[in-house]
Amino acid sequence: MIIGGGPAGHSAATYGARLGAEIVLIERDVFGGAAHLWDCIPSKAMIATGGALSFLARSKGMGLEEVSPHIDLGNLGERLAGIEAKLTNTTTKVLASQQVRLIDGIGSIVDEHTVRAVTDEGEEDIFADYIVLCTGSRPRIPEWAPVDGDRILTTRDAYPPKELPSHIVVVGSGVTGVEFVHMFRSFGSEVTLLVSRQQVLPGKDAEVAYALEEDFLRRGVNLMKGARATGLERTDEGVRVYSEDGRVADGSHALLAIGSIPNSELLALENVGIATDGGYINVDHHCRSSVPHIYAAGDLSGRLPLSSVASMQGRKIAEHAMGMHDLPHRHLDYDKAASAIFTEPEIADVGLAEADAFAEGRKIRVTKVPFSVSAKALINDDPRGFVKMVSDPATGVILGGSIVGRHAAELISILALAVNAGLTVNDIVESLFVHPTLSEVLAEAAE
Ligand SMILES: Cc1cc2nc3c(=O)[nH]c(=O)nc-3n(C[C@H](O)[C@H](O)[C@H](O)COP(=O)(O)OP(=O)(O)OC[C@H]3O[C@@H](n4cnc5c(N)ncnc54)[C@H](O)[C@@H]3O)c2cc1C
C-alpha cells in the first residue's frame with residue numbers, strides 16, 4: 001500500500017510492480033503529485049518561458065533584428081495546463097499498465113498492516129504486508145501572512161498568477177525564492193527580494209551565491225539584505241511587507257517562499273505510534289520508519305526535498321521490501337545527490353563543497369575555469385559563469401563541483417556521474433567530448 005502518488009510513490013509503485021509486488025496506490029489529487037501540479041514542472045515551464053523571453057531580448061547578440069516580446073498569461077496558462085495533463089496522463093497509464101491498482105482518495109493508517117482509503121464512493125480498508133508513506137509537503141504559511149491567492153501568494157498561486165505583478169516582493173531567498181525572482185524579472189515585473197541574511201542561497205558556496213546576486217543586481221532586482229519578514233498586509237495600492245528591523249517593502253504583490261511543512265496530519269500516524277520530528281517521519285538508511293514494515297519517502301521523510309531524491313528513495317524501498325537488500329546494491333548517499341537552481345545563469349552542484357572541505361580541514365584541489373574561454377559559450381552569446389571542480393590532490397578522485405552558467409543543470413550530470421562512480425580527473429581528461437560544447441569546460445577544469 002502506497003499513500004501519495006508523487007515522485008516517491010510513483011517510483012515505489014513502478015519498481016515494486018516490476019519486482020513482482022501487488023501494489024495499491026492512493027492519491028488525492030493527481031498521479032504525479034505536487035511535483036507535477038505545483039512544484040518542479042510548472043515552475044520550470046514558467047522559467048523556460050522567461051528564458052525564451054530573455055533569449056529573444058538578446059536577439060541582437062545573435063545577429064538578429066532587435067525584438068521585444070511580451071508575456072501572454074493566457075497562453076502561458078494553457079501551456080502549463082497542457083504539460084501537466086500530458087505528464088499526468090503518461091504517469092497514470094504507466095502505472096495502470098503495470099497492474100498497479102490506483103485509488104482516487106485520501107489514505108490513512110488503521111493499524112500496522114491496514115490502510116483506509118476514503119473515496120467518493122465510501123471507505124475501504126486494505127491489508128498490506130508493507131506500507132509506504134509519501135504524502136509530500138506544502139508551502140509554509142506563517143501566521144503573519146494573510147495569503148489570499150490574489151495579491152499575497154504562495155508558490156501554488158503563481159501558475160500563472162491572475163495578473164502580471166507590476167512589482168512583486170519575494171520573501172525568502174532559498175532555492176524557490178530565487179527561482180521566482182528570476183522568473184518574474186524575466187517576465188518584466190519589478191522585483192524586491194527580502195534576504196534574511198547577508199547572502200542569497202544561505203548555505204551555498206559564497207562564490208556561487210555572489211554570481212547570482214551580481215546577475216540580479218545587473219537586471220535591476222532590489223535586494224534587501226538582512227531583512228527578516230515579520231508582517232505582511234494589503235494596502236490600497238497592493239501589499240506592504242514589514243522587516244524585523246523596521247524597513248518595509250511595498251509592491252503590487254507578495255510571494256512567500258519560506259519553506260514547507262509535511263503533509264502528515266491526515267495519516268493518523270498516532271494509530272501506530274510512528275516517530276516523527278516536526279511532522280516529518282524519522283527514517284533509517286533503508287527509509288524504514290520506527291514501525292516495522294512502514295516506510296516513508298520523499299519530502300515527508302525530511303531528507304533532501306528533491307524530486308530526484310524522492311524517486312530514488314521510492315526505488316530503494318521497493319528493492320528493500322522485495323528482499324533485495326542483501327544483494328550488493330548501494331544505499332542512497334544523500335551527499336552525492338546533484339541539485340540545481342534554474343535561475344539565469346543556472347546554478348548546479350554535487351558532492352563536496354569547497355567551504356565544507358575547508359571546515360573539515362580536508363585537503364582538496366579546486367580548479368575553476370570560466371565559460372568565457374569556451375568557443376561554444378561565445379557561439380551562444382552567453383559567456384557568463386564558471387565550472388569549479390573539487391578533487392583529491394593525492395588520487396585525483398573527483399569529490400564534487402559547482403557549475404554556474406547556461407545549461408549548468410544538464411552539465412552537472414557529468415560531475416554527478418564522476419562523483420558517484422569514483423572517477424578521477426584523468427577519466428574526464430581522457431574522455432573525448434564533442435567540440436564545440438560547453439562540456440569541454442569540464443575537461444579543462446579536470447586537466
Ligand atoms: C516551487 C517548487 C519547485 C520545485 N522544483 C524542483 C525541481 O526543479 N527539481 C526537484 O528535484 N525538486 C523540486 N522541488 C521539490 C519537489 O517538488 C519535491 O521534493 C517532490 O515533489 C517530493 O516528492 P514527494 O513524492 O515526496 O511528494 P509530492 O510531489 O508532494 O506528492 C505527494 C502526493 O501525496 C498526495 N497526498 C498527500 N496526502 C495524502 C493522503 N492522505 N492520501 C492520499 N494522497 C495524499 C498529494 O496529493 C501529492 O500528490 C520543488 C519544490 C517546489 C515547492
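Reader: What makes α1 count as mostly covered?

Author: A residue is buried if 20 or more other C-beta atoms lie within 10 Å of its own. In this predicted model, 10 of the 12 residues of α1 are buried, so the helix is mostly covered. The buried ones are P7, A8, G9, H10, S11, A12, A13, T14, Y15 and G16.

Reader: What covers those buried residues of α1?

Author: Among the elements that cover them are the strands β1 (2-3), β2 and β7, along with the helices α2, α4 (73-97) and α7.

Reader: How do you know that the length of α1 agrees with what its residues should span?

Author: With 12 residues at 1.5 Å a residue, α1 should span 16 Å. Its end C-alpha atoms are 16 Å apart, so the two values agree. Just after the helix comes G20, which takes a positive phi of about 100 degrees.

Reader: Why is α7 called largely enclosed?

Author: Count its buried residues: 12 of the 15 in α7 pass, so the helix is largely enclosed by the rest of the structure. Among those buried are S307, M312, R315, K316 and A321. The cover over the buried residues of α7 includes α1, α2, α3, β7 (131-133) and β20 (294-296).

Reader: What span is expected for α7, and how far does the helix reach?

Author: At 1.5 Å a residue, 21 Å is expected, and α7 reaches 21 Å from its first C-alpha to its last, which is close. G323 follows the helix, with a positive phi near 80 degrees.

Reader: Why is L304 called partly exposed?

Author: Buried needs 20 or more other C-beta atoms within 10 Å, and exposed means 12 or fewer. L304 has 16, so it falls in between and is partly exposed. You'll find L304 in the loop between β20 and α7.

Reader: Which residues is L304 in contact with?

Author: Leaving aside neighbours within four places in sequence, L304 is in contact with V309, Y334 and A337. As for G6, 298 residues away along the chain, its C-alpha atom is separated from that of L304 by 15 Å.

Reader: What makes β3 and β20 edge strands?

Author: Start with the sheet: it is open, has 5 strands in the order β3-β2-β1-β7-β20, and its pairing is parallel. β3 (101-104) and β20 each have a single partner strand, so one side of each is left without a neighbour in the sheet.

Reader: How do you know that β7 and β20 pair?

Author: Two strands pair if there are at least two bridges between them. Here 3 bridges join β7 to β20, so they pair, and they run parallel.

Reader: Which strands are joined to β25, and how do they run?

Author: β22 (residues 346-351) is joined to β25 by 6 bridges, and the two run antiparallel. Between these strands, I347 stands opposite V404. β24 (residues 386-391) is also joined to β25 by 6 bridges, again antiparallel, with V390 opposite G400. The hairpin of β24 and β25 has 6 residues between the strands, and G396 there takes a positive phi near 80 degrees.

Reader: Which residues come nearest to the ligand?

Author: There are 36 residues around the ligand, and G4, G6, G33, G136 and G298 come nearest. By class, that shell has 15 nonpolar, 15 polar and 6 charged residues. Elements that each supply at least two residues of the shell include α1 (7-18), β2 (24-27), α2 (33-37) and α7 (307-321).

Reader: How many helices and strands are there in the protein, and why is the whole called as compact as a globular protein of that length?

Author: The protein has 12 helices and 25 strands. Its radius of gyration is 23 Å, close to the 22 Å that the globule rule gives for 447 residues, so the protein is as compact as a globular protein of that length. The C-alpha atoms fill a box of roughly 65 × 65 × 45 Å along the principal axes, and 44% of the 447 residues count as buried.

Definitions and conventions: Residues are numbered from 1 along each chain as its sequence is written. This is a predicted model: local features need pLDDT of at least 70, side-chain atom pairs count only at pLDDT 80 or more; totals for chains, interfaces and linings use all residues. Helices (H or I, at least four residues) and strands (E, at least two) are DSSP runs, numbered from the N terminus. The radius of gyration is taken over C-alpha atoms; the globule rule is 2.2 Å times the number of residues to the power 0.38. A residue is near a molecule or strand if its C-beta atom, placed from the backbone, lies within 6 Å of it. Ala, Val, Leu, Ile, Met, Phe, Trp, Tyr, Cys and Pro count as nonpolar, Asp, Glu, Lys and Arg as charged, and the others, Gly among them, as polar. The expected span of a helix is 1.5 Å times one less than its number of residues. Two residues are in contact if their C-beta atoms, placed from the backbone, lie within 7 Å.
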